[in-house]
Amino acid sequence: MVLQVTNSPFNQEQVELLNRILPSLTDNQRVWLSGYLSALQGAAGAAAVPAAAAPAAAPAQAKEATVLFGSQTGNSNGLAKKLAKKLEAQGVQVTLSSMSDFKPNGLKKVQNLLIVVSTHGEGEPPDNAIAFYEFLHSKRAPKLDGMQFSVLALGDTSYEYFCQTGKDFDARLEELGAKRLTPRVDCDVDFADAAAEWMDQVAGSLNGASAAAAVSGGAEAPAAGAAESEYSRSNPFQAEVLENLNLNGRGSDRETRHVELSLEGSGLQYEAGDSLGVYPENHPRLVDELIEAMGWKADEPVAVNKNGEQKPLRDALLRNFEITVLTKPLLEQVAKLASNSGIGELLEAGREQELRAYTNGRDLLDLVQDYSLKGIPAGEIAAVLRKMPPRLYSIASSPKAYPDEVHLTVRTVRYEAQGRNRYGVCSVHLSERVQPGDSLPVFVQSNPSFKLPENGDTPIIMIGPGTGVAPFRAFLGEREETGAAGKSWLFYGDQHFATDFLYQVEWQRWLKDGVLTRMDVAFSRDTDEKVYVQHRMLEKSRELYQWLQEGACVYVCGDEKKMAHDVHAALATILEQEGGLSPEEAVEYLNRMQQQKRYQRDVY
């Protein structure tokens, strides 16, 4: 918004000064200025009161808050840091910690608890929240009558157990006697606005007198470290595509793209283990079929955000809106627009399983055709669609090995369902419609929960079938550049040795040079009996157990639903067989490894 003499109480000179300075302010500077102006107003009001009527001033006590986050991919971590900075800038003394690092026996001393947590898998807490979650839901959890709390829950409405972990924390804290500082907020994949509103509510509830405290000098924003890039999730960088290759050999049933992007001039920085967010485009064929099925005009303008910015419909459907996933909230909104369509019946209580079956694998075009929605204005449908969510990919390069570049390993998804060809939105965009010289909107997603050990002498065990091997290419590139002496072991699997051995030449070079100590592979379609990485782990159980005893860190990347569970079970079996542990002791051993950051997973 641009200030003008006509829409503000300022004169022309003041308006020009404000329009020059306001856009240049950081979030912390805006917060500080807001508090400063509030304090000035308060001081002016106080001065108007006769001295005899003024009560004796009591020394202001700084507010305290504990911010805990549970994060699998880094979103909750990033939001928790943003909240901590916001509160510190307003004079609040903040303790910021991941749930895995927080000592539960200190919970009784916490007055204001702020939780930022994602939901993982089928309603499960993320790895670094498991121990705290279990403690809070156990008989050991203390009464928390003196505590205030608030929860920001991250999730995805396309999953049945949307924001379940946040809901569980919210309900359990209330059961233990704590009082809500502000109501819980549940965020979908487009979480920026809802998260910002929650932070404002929390800050407002905490900061009775802290704005005045900020003016007195006790709430300066934290000193900036390395200069931050201006590019982020909400302001992605247009990265030039340097290379886009198919890693699979001729005759493979699979297509896996190796994509190299330039970050030159962006200021974006990342570490091995981080992810890159990519904003893709929907398939033009699907967009055109949807426009035709609804009888819309491709050049009709529609609003694409809350600010009222408009774009031609086809452009908006290509780049701004998600149209390949059906969620219950979307169906509820469309049912209001088409009350006679029959969608409302599908949403009735008792038909949850039928709803789940319908939404699984179908898209907006299916909904339009199945329920005869032609005739609803394009603007009304656009108003209820989710924003296009970014796709996160584990970065497959070390920034030390490839300065100003970032590499991705992306498997192309194509399949047929309900009589139509379906496409992975981002993977097919990359494989079919992106060439070197093109650009992609990207941002770096930090993932502190998936990092190499600080001590380069520490042994590492990496388990990553298929594209799950991507971050381990980054890990080994990093270790090569830093000269880390710790031994390393990679378990890798795919379908066929001849056509699906991703980055084979690089692994062989690292084996020859000693950067990679040993490698075990499992190609499931090359033998009569399917062999996977967990089978190779069990075959090498004695050596693997010895590495664990030597303090090795274990990293798992890839499919969460099956592979990660099978690998976890294999680790437990190895501990039982080679270490003589009971099943319960093996589980506790793995829990301790997670708490010690010796067992880290990047699973999806």
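C553 counts as buried because its relative accessibility is 6%. C557 also counts as buried, because its relative accessibility is 0%. Buried means under 20% relative accessible area, exposed over 50%, and partly exposed in between, with a 1.4 Å probe and protein chains only. A search of the whole structure finds 0 disulfides, a disulfide being a pair of cysteine sulfur atoms within 2.5 Å.

This is a predicted model: local features need pLDDT of at least 70, side-chain atom pairs count only at pLDDT 80 or more, and totals for chains, interfaces and linings use all residues. Residues are numbered from 1 along each chain as its sequence is written, and side-chain values use heavy atoms, with hydrogens and water left out.

## Helix α20

Helix α20 covers residues 541–549. Helices are DSSP runs (H or I, at least four residues), numbered from the N terminus. The buried residues of α20 are S541, L544, Y545, W547 and L548. Seen down the helix axis, these buried residues fall within an arc of 155°, so they line one face of α20. The arc is taken from the directions from the helix axis to the C-beta atoms. G551 follows α20 and has a positive phi, near 95°.

## Helix α16

Helix α16 runs over residues 470–482. Of its 13 residues, 10 are buried, so α16 is largely enclosed by the rest of the structure. The buried residues are A470, P471, F472, R473, A474, F475, L476, G477, E478 and R479.

The length of α16 agrees with expectation, because its 13 residues should span 18 Å at 1.5 Å a residue and its end C-alpha atoms are 19 Å apart. The expected span is 1.5 Å times one less than the number of residues. Just after α16, G483 takes a positive phi of about 70°.

Key
Helices (H or I, at least four residues) and strands (E, at least two) are DSSP runs, numbered from the N terminus.
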